Amino acid sequence: MSQLWRHYDQSNSTLVSNNVWSLAKGKNGIVYIGSTGGLNSLENGIMKTYNVGDNYINDIRSVWAYGDTLWVAPAYNGFLSFSKNVWKYYDPINTALSTLGFGISKKDSLYRVTNSFSWWNGSTWTAIISYFSQANNLFVDNQENIWLLSNNEGITKYKNGQIISWRNNIDPSSPQYIPSGSIHDMIQDSAGIYWIASNNGLLRFDGQSFQVYNKANSGIASNFARCMAIDKTGKLWIGTLDSGLCSYDGTNWKTYNIVNSPLRSTIINDVLVDDSNRVWIAHGSKKNFLNPNGQGILVLDQIKDATDNRSPNSPA
(Lines give C-alpha, C1' and ligand atoms only; values in the text may rest on other atoms or scores of the structure.)
Protein backbone atom coordinates (compact mmCIF):
# COMPACT_ATOMS: atom_id res chain seq x y z
CA MET A 1 0.00 0.00 0.00
CA SER A 2 1.17 3.55 -0.63
CA GLN A 3 -0.05 7.02 0.08
CA LEU A 4 -1.80 9.06 -2.57
CA TRP A 5 -1.70 12.85 -2.50
CA ARG A 6 -4.14 15.01 -4.45
CA HIS A 7 -3.57 18.72 -4.88
CA TYR A 8 -6.25 21.34 -5.56
CA ASP A 9 -5.47 24.93 -6.51
CA GLN A 10 -6.60 27.52 -9.03
CA SER A 11 -4.51 25.96 -11.79
CA ASN A 12 -6.31 22.61 -11.76
CA SER A 13 -9.73 23.32 -10.26
CA THR A 14 -12.37 26.01 -9.77
CA LEU A 15 -11.04 26.88 -6.31
CA VAL A 16 -11.70 30.62 -5.98
CA SER A 17 -8.43 31.33 -4.14
CA ASN A 18 -5.26 29.48 -3.20
CA ASN A 19 -5.33 31.26 0.17
CA VAL A 20 -7.49 28.74 2.03
CA TRP A 21 -8.21 29.57 5.67
CA SER A 22 -10.75 27.00 6.83
CA LEU A 23 -12.21 23.54 6.10
CA ALA A 24 -15.43 21.94 7.35
CA LYS A 25 -16.93 18.48 6.91
CA GLY A 26 -20.61 18.39 6.01
CA LYS A 27 -23.04 15.55 5.44
CA ASN A 28 -22.60 12.86 2.78
CA GLY A 29 -18.87 13.44 2.38
CA ILE A 30 -19.01 17.08 1.33
CA VAL A 31 -16.09 19.32 2.35
CA TYR A 32 -16.52 23.10 2.53
CA ILE A 33 -13.59 25.41 1.79
CA GLY A 34 -13.33 29.02 3.01
CA SER A 35 -10.71 31.28 1.41
CA THR A 36 -9.88 34.90 0.59
CA GLY A 37 -11.80 34.44 -2.65
CA GLY A 38 -15.01 33.12 -1.11
CA LEU A 39 -16.56 29.70 -0.60
CA ASN A 40 -16.22 26.36 -2.38
CA SER A 41 -17.31 22.82 -1.67
CA LEU A 42 -16.02 19.52 -2.97
CA GLU A 43 -18.26 16.46 -3.18
CA ASN A 44 -17.59 13.27 -5.17
CA GLY A 45 -14.78 14.98 -7.02
CA ILE A 46 -16.94 17.93 -8.12
CA MET A 47 -16.03 21.42 -6.92
CA LYS A 48 -18.77 24.01 -6.51
CA THR A 49 -18.55 27.78 -5.95
CA TYR A 50 -21.08 29.67 -3.81
CA ASN A 51 -22.24 33.26 -3.87
CA VAL A 52 -22.17 34.04 -0.16
CA GLY A 53 -25.15 36.08 1.03
CA ASP A 54 -26.95 38.68 -1.05
CA ASN A 55 -23.84 40.76 -1.63
CA TYR A 56 -21.48 38.03 -2.83
CA ILE A 57 -19.21 38.29 0.18
CA ASN A 58 -15.66 36.99 -0.13
CA ASP A 59 -12.74 36.60 2.27
CA ILE A 60 -14.26 33.75 4.25
CA ARG A 61 -12.14 33.21 7.36
CA SER A 62 -13.97 30.29 8.99
CA VAL A 63 -16.60 27.70 8.08
CA TRP A 64 -18.45 25.19 10.28
CA ALA A 65 -20.95 22.49 9.33
CA TYR A 66 -23.64 21.10 11.66
CA GLY A 67 -26.22 18.74 10.21
CA ASP A 68 -27.70 20.26 7.06
CA THR A 69 -26.52 23.78 7.88
CA LEU A 70 -23.30 25.55 6.95
CA TRP A 71 -22.11 28.49 9.04
CA VAL A 72 -19.85 31.10 7.48
CA ALA A 73 -17.72 33.82 9.08
CA PRO A 74 -16.41 36.42 6.61
CA ALA A 75 -13.76 38.88 7.72
CA TYR A 76 -15.54 41.87 9.31
CA ASN A 77 -18.68 41.27 7.26
CA GLY A 78 -21.31 39.59 9.39
CA PHE A 79 -22.09 35.99 10.22
CA LEU A 80 -24.33 33.77 8.10
CA SER A 81 -25.92 30.35 7.86
CA PHE A 82 -26.77 28.47 4.68
CA SER A 83 -29.48 25.80 4.61
CA LYS A 84 -31.80 24.57 1.84
CA ASN A 85 -30.23 27.09 -0.54
CA VAL A 86 -31.16 30.03 1.71
CA TRP A 87 -28.72 32.43 3.40
CA LYS A 88 -29.63 33.84 6.82
CA TYR A 89 -27.83 36.74 8.45
CA TYR A 90 -26.98 36.64 12.16
CA ASP A 91 -25.18 39.99 12.03
CA PRO A 92 -25.53 43.13 9.94
CA ILE A 93 -23.28 43.16 6.91
CA ASN A 94 -20.15 45.33 7.08
CA THR A 95 -20.00 44.84 10.83
CA ALA A 96 -16.67 45.54 12.48
CA LEU A 97 -16.77 42.14 14.19
CA SER A 98 -15.42 38.82 12.97
CA THR A 99 -16.73 35.56 14.38
CA LEU A 100 -13.57 33.77 15.50
CA GLY A 101 -15.15 30.66 17.01
CA PHE A 102 -18.57 29.05 16.81
CA GLY A 103 -20.32 25.95 18.12
CA ILE A 104 -23.72 24.36 18.65
CA SER A 105 -24.67 22.37 21.73
CA LYS A 106 -26.73 19.17 21.66
CA LYS A 107 -29.70 21.31 22.69
CA ASP A 108 -29.17 23.38 19.51
CA SER A 109 -27.97 26.44 21.42
CA LEU A 110 -25.69 28.63 19.30
CA TYR A 111 -22.51 30.04 20.85
CA ARG A 112 -19.82 32.21 19.35
CA VAL A 113 -16.78 34.25 20.32
CA THR A 114 -15.76 37.57 18.79
CA ASN A 115 -14.33 40.11 21.22
CA SER A 116 -17.04 38.79 23.53
CA PHE A 117 -18.63 35.40 24.22
CA SER A 118 -22.34 35.20 23.35
CA TRP A 119 -25.28 32.91 22.73
CA TRP A 120 -28.14 33.36 20.24
CA ASN A 121 -31.46 33.96 22.03
CA GLY A 122 -33.54 33.52 18.90
CA SER A 123 -33.34 37.07 17.66
CA THR A 124 -30.01 38.53 18.74
CA TRP A 125 -26.68 37.70 20.39
CA THR A 126 -26.69 37.92 24.19
CA ALA A 127 -23.33 38.37 25.91
CA ILE A 128 -22.23 35.80 28.49
CA ILE A 129 -18.77 37.36 28.80
CA SER A 130 -18.84 40.97 27.62
CA TYR A 131 -15.11 41.11 26.82
CA PHE A 132 -12.88 38.18 25.90
CA SER A 133 -9.25 38.99 25.15
CA GLN A 134 -7.72 38.01 21.80
CA ALA A 135 -10.09 35.17 20.97
CA ASN A 136 -8.77 32.46 18.65
CA ASN A 137 -11.44 29.76 18.66
CA LEU A 138 -14.32 28.02 20.43
CA PHE A 139 -14.89 24.32 21.08
CA VAL A 140 -17.95 22.39 22.30
CA ASP A 141 -17.00 19.08 23.90
CA ASN A 142 -18.96 15.85 24.34
CA GLN A 143 -20.14 16.92 27.80
CA GLU A 144 -21.62 20.20 26.52
CA ASN A 145 -18.83 22.32 27.98
CA ILE A 146 -18.03 25.40 25.89
CA TRP A 147 -14.30 26.16 25.70
CA LEU A 148 -12.98 29.58 24.69
CA LEU A 149 -9.43 29.73 23.36
CA SER A 150 -7.39 32.90 23.72
CA ASN A 151 -4.20 34.05 22.07
CA ASN A 152 -2.90 35.49 25.33
CA GLU A 153 -4.99 34.23 28.27
CA GLY A 154 -5.19 30.45 27.96
CA ILE A 155 -8.58 28.71 28.01
CA THR A 156 -11.96 29.34 29.62
CA LYS A 157 -14.70 26.75 30.23
CA TYR A 158 -18.39 27.64 30.39
CA LYS A 159 -21.37 25.46 31.36
CA ASN A 160 -24.71 26.28 32.93
CA GLY A 161 -23.61 29.74 34.01
CA GLN A 162 -20.33 28.59 35.57
CA ILE A 163 -17.04 29.95 34.23
CA ILE A 164 -13.59 28.50 34.98
CA SER A 165 -10.35 29.75 33.44
CA TRP A 166 -6.83 28.34 33.12
CA ARG A 167 -4.11 30.98 32.77
CA ASN A 168 -0.41 30.99 31.98
CA ASN A 169 0.51 34.11 33.96
CA ILE A 170 -0.12 32.61 37.41
CA ASP A 171 1.79 30.35 39.81
CA PRO A 172 2.62 27.08 37.95
CA SER A 173 1.63 25.13 41.06
CA SER A 174 -1.95 26.41 40.79
CA PRO A 175 -4.55 23.93 39.51
CA GLN A 176 -5.67 26.70 37.11
CA TYR A 177 -2.24 27.00 35.47
CA ILE A 178 -1.88 26.11 31.77
CA PRO A 179 1.60 25.67 30.21
CA SER A 180 0.83 28.11 27.38
CA GLY A 181 -1.20 31.29 27.21
CA SER A 182 -1.57 31.19 23.41
CA ILE A 183 -4.15 28.56 22.43
CA HIS A 184 -5.31 27.96 18.85
CA ASP A 185 -7.32 24.74 18.62
CA MET A 186 -8.81 22.05 20.85
CA ILE A 187 -10.31 18.60 20.25
CA GLN A 188 -11.45 15.66 22.37
CA ASP A 189 -10.65 12.01 21.67
CA SER A 190 -12.81 8.93 22.19
CA ALA A 191 -11.43 8.50 25.72
CA GLY A 192 -12.48 12.02 26.69
CA ILE A 193 -8.93 13.41 26.67
CA TYR A 194 -8.49 16.95 25.38
CA TRP A 195 -5.71 17.83 22.94
CA ILE A 196 -4.76 21.48 22.63
CA ALA A 197 -2.72 23.27 19.95
CA SER A 198 -0.61 26.00 21.55
CA ASN A 199 2.53 28.09 21.24
CA ASN A 200 4.20 25.55 23.53
CA GLY A 201 3.50 22.62 21.25
CA LEU A 202 0.74 20.06 21.86
CA LEU A 203 -0.95 19.91 25.26
CA ARG A 204 -2.75 16.84 26.62
CA PHE A 205 -5.38 17.68 29.25
CA ASP A 206 -7.37 15.13 31.25
CA GLY A 207 -9.46 17.79 32.95
CA GLN A 208 -7.09 17.99 35.92
CA SER A 209 -3.52 18.28 34.68
CA PHE A 210 -1.60 19.08 31.51
CA GLN A 211 1.12 17.16 29.72
CA VAL A 212 3.28 19.07 27.25
CA TYR A 213 4.61 17.65 23.98
CA ASN A 214 7.08 20.12 22.47
CA LYS A 215 10.35 20.02 20.52
CA ALA A 216 12.35 19.56 23.71
CA ASN A 217 10.64 16.34 24.82
CA SER A 218 8.86 14.78 21.83
CA GLY A 219 8.95 14.26 18.07
CA ILE A 220 6.69 17.19 17.23
CA ALA A 221 8.33 19.34 14.54
CA SER A 222 7.36 22.75 15.94
CA ASN A 223 6.25 24.38 19.16
CA PHE A 224 3.77 26.47 17.16
CA ALA A 225 0.82 24.09 16.79
CA ARG A 226 -2.16 25.69 15.06
CA CYS A 227 -4.85 23.17 14.08
CA MET A 228 -5.75 19.53 14.71
CA ALA A 229 -7.89 16.60 13.64
CA ILE A 230 -8.30 12.98 14.76
CA ASP A 231 -8.65 10.20 12.21
CA LYS A 232 -10.64 6.97 12.48
CA THR A 233 -7.70 5.08 14.00
CA GLY A 234 -7.33 7.68 16.77
CA LYS A 235 -4.23 9.22 15.23
CA LEU A 236 -3.73 12.95 15.80
CA TRP A 237 -2.92 15.25 12.90
CA ILE A 238 -1.35 18.55 13.93
CA GLY A 239 -0.80 21.50 11.60
CA THR A 240 2.00 23.87 12.56
CA LEU A 241 2.75 27.50 11.79
CA ASP A 242 6.22 26.88 10.39
CA SER A 243 7.13 23.18 10.10
CA GLY A 244 4.41 21.42 8.14
CA LEU A 245 2.09 18.66 9.32
CA CYS A 246 2.74 16.16 12.13
CA SER A 247 0.97 12.94 13.05
CA TYR A 248 1.01 11.19 16.42
CA ASP A 249 -0.48 7.76 17.14
CA GLY A 250 0.27 7.77 20.87
CA THR A 251 3.76 6.33 20.32
CA ASN A 252 5.19 7.42 17.01
CA TRP A 253 5.58 10.87 15.49
CA LYS A 254 5.82 11.62 11.79
CA THR A 255 6.40 14.93 10.02
CA TYR A 256 5.32 15.91 6.51
CA ASN A 257 7.13 18.92 5.05
CA ILE A 258 8.30 20.33 1.71
CA VAL A 259 11.25 17.91 1.62
CA ASN A 260 9.57 14.54 2.21
CA SER A 261 6.05 15.18 0.91
CA PRO A 262 4.15 17.17 -1.76
CA LEU A 263 3.50 20.00 0.68
CA ARG A 264 4.39 23.28 -1.03
CA SER A 265 4.58 25.26 2.21
CA THR A 266 5.24 24.47 5.86
CA ILE A 267 2.49 26.91 6.96
CA ILE A 268 -0.66 24.93 7.81
CA ASN A 269 -3.91 26.87 8.20
CA ASP A 270 -6.33 24.01 8.78
CA VAL A 271 -6.52 20.23 8.77
CA LEU A 272 -9.57 17.98 8.43
CA VAL A 273 -10.24 14.23 8.29
CA ASP A 274 -13.15 13.26 6.04
CA ASP A 275 -15.52 10.29 6.15
CA SER A 276 -13.06 8.19 4.10
CA ASN A 277 -10.24 8.92 6.58
CA ARG A 278 -8.48 11.17 4.09
CA VAL A 279 -6.53 14.10 5.54
CA TRP A 280 -7.23 17.53 4.03
CA ILE A 281 -4.58 20.20 4.47
CA ALA A 282 -5.05 23.93 3.83
CA HIS A 283 -1.58 25.37 3.56
CA GLY A 284 0.67 28.16 2.45
CA SER A 285 -0.60 31.45 3.86
CA LYS A 286 -0.82 33.16 7.20
CA LYS A 287 -4.13 34.74 8.21
CA ASN A 288 -4.12 38.53 8.29
CA PHE A 289 -0.74 38.77 6.56
CA LEU A 290 -0.41 41.05 3.52
CA ASN A 291 0.30 39.37 0.18
CA PRO A 292 -0.27 35.79 1.33
CA ASN A 293 1.21 33.05 -0.81
CA GLY A 294 -1.40 30.33 -0.50
CA GLN A 295 -0.86 26.88 -1.93
CA GLY A 296 -4.41 25.57 -1.97
CA ILE A 297 -5.33 22.18 -0.53
CA LEU A 298 -3.60 18.83 -0.35
CA VAL A 299 -5.59 15.66 0.32
CA LEU A 300 -3.75 12.63 1.68
CA ASP A 301 -5.37 9.23 1.13
CA GLN A 302 -3.71 7.06 3.76
CA ILE A 303 -4.69 3.68 2.31
CA LYS A 304 -4.76 4.15 -1.47
CA ASP A 305 -3.52 1.11 -3.37
CA ALA A 306 -0.03 1.27 -4.88
CA THR A 307 -1.41 0.49 -8.34
CA ASP A 308 -2.17 4.21 -8.65
CA ASN A 309 1.56 4.49 -9.44
CA ARG A 310 2.10 7.45 -7.13
CA SER A 311 4.71 7.51 -4.42
CA PRO A 312 4.37 9.49 -1.18
CA ASN A 313 6.58 12.21 -2.69
CA SER A 314 4.55 12.62 -5.88
CA PRO A 315 1.67 15.05 -6.02
CA ALA A 316 -1.39 14.13 -8.07
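Mentor: Buried means under 20% relative accessible area, exposed over 50%, and partly exposed in between (1.4 Å probe, protein chains only). Strands here are DSSP runs of E, at least two residues long, numbered from the N terminus, while helices are runs of H or I of at least four.

Trainee: Before I go on, where do these values come from?

Mentor: This is a predicted model, in which local features need pLDDT of at least 70 and side-chain atom pairs count only at pLDDT 80 or more, while totals for chains, interfaces and linings use all residues. Residues are numbered from 1 along each chain as its sequence is written, and side-chain values use heavy atoms, with hydrogens and water left out.

Trainee: OK. How many bridges join β23 to β24?

Mentor: Four, and strand β23 (residues 236-240) runs antiparallel to β24. Two strands count as paired if DSSP finds at least two bridges between them. L245 in β24 is the bridge partner of G239.

Trainee: And what sits in the hairpin of β23 and β24?

Mentor: Four residues lie between those strands, and G244 takes a positive phi near 85°.

Trainee: Which residue stands opposite S247 in β25?

Mentor: K254 in β25. β24 and β25 pair in the antiparallel sense, over four bridges. Their hairpin has four residues between the strands, and there G250 takes a positive phi near 100°.

Trainee: Switching to aromatics. How many aromatic pairs are there?

Mentor: The structure holds 32. Rings of Phe, Tyr and Trp (its six-membered ring) pair if their centres lie within 6.5 Å; planes under 30 degrees apart count as stacked, over 60 as edge-to-face, and the rest as tilted. F79 and W125 make a tilted pair, 6.2 Å centre to centre with 55° between the planes. F79 is in the loop between β7 (69-74) and β8 (80-83), W125 is in strand β13 (residues 125-129), and they are 46 residues apart.

Trainee: Are F79 and W125 buried or exposed?

Mentor: Both are buried. Another tilted pair is Y213 and W253, at 6.1 Å centre to centre and 55° between the planes. Y213 lies in strand β21 (residues 210-213) and W253 in strand β25 (residues 253-256), so this pair ties together parts 40 residues apart in sequence. Y213 is buried, with a relative accessible area of 12%, whereas W253 is partly exposed at 21%.

Trainee: Which residues form one aromatic cluster?

Mentor: W64, Y66, W71, F79, Y90, F102, W120 and W125.

Trainee: Last one, the whole chain. How many helices and strands?

Mentor: Zero helices and 28 strands. Of the 316 residues, 54% are buried. The C-alpha trace spans about 55 × 50 × 35 Å along its principal axes.
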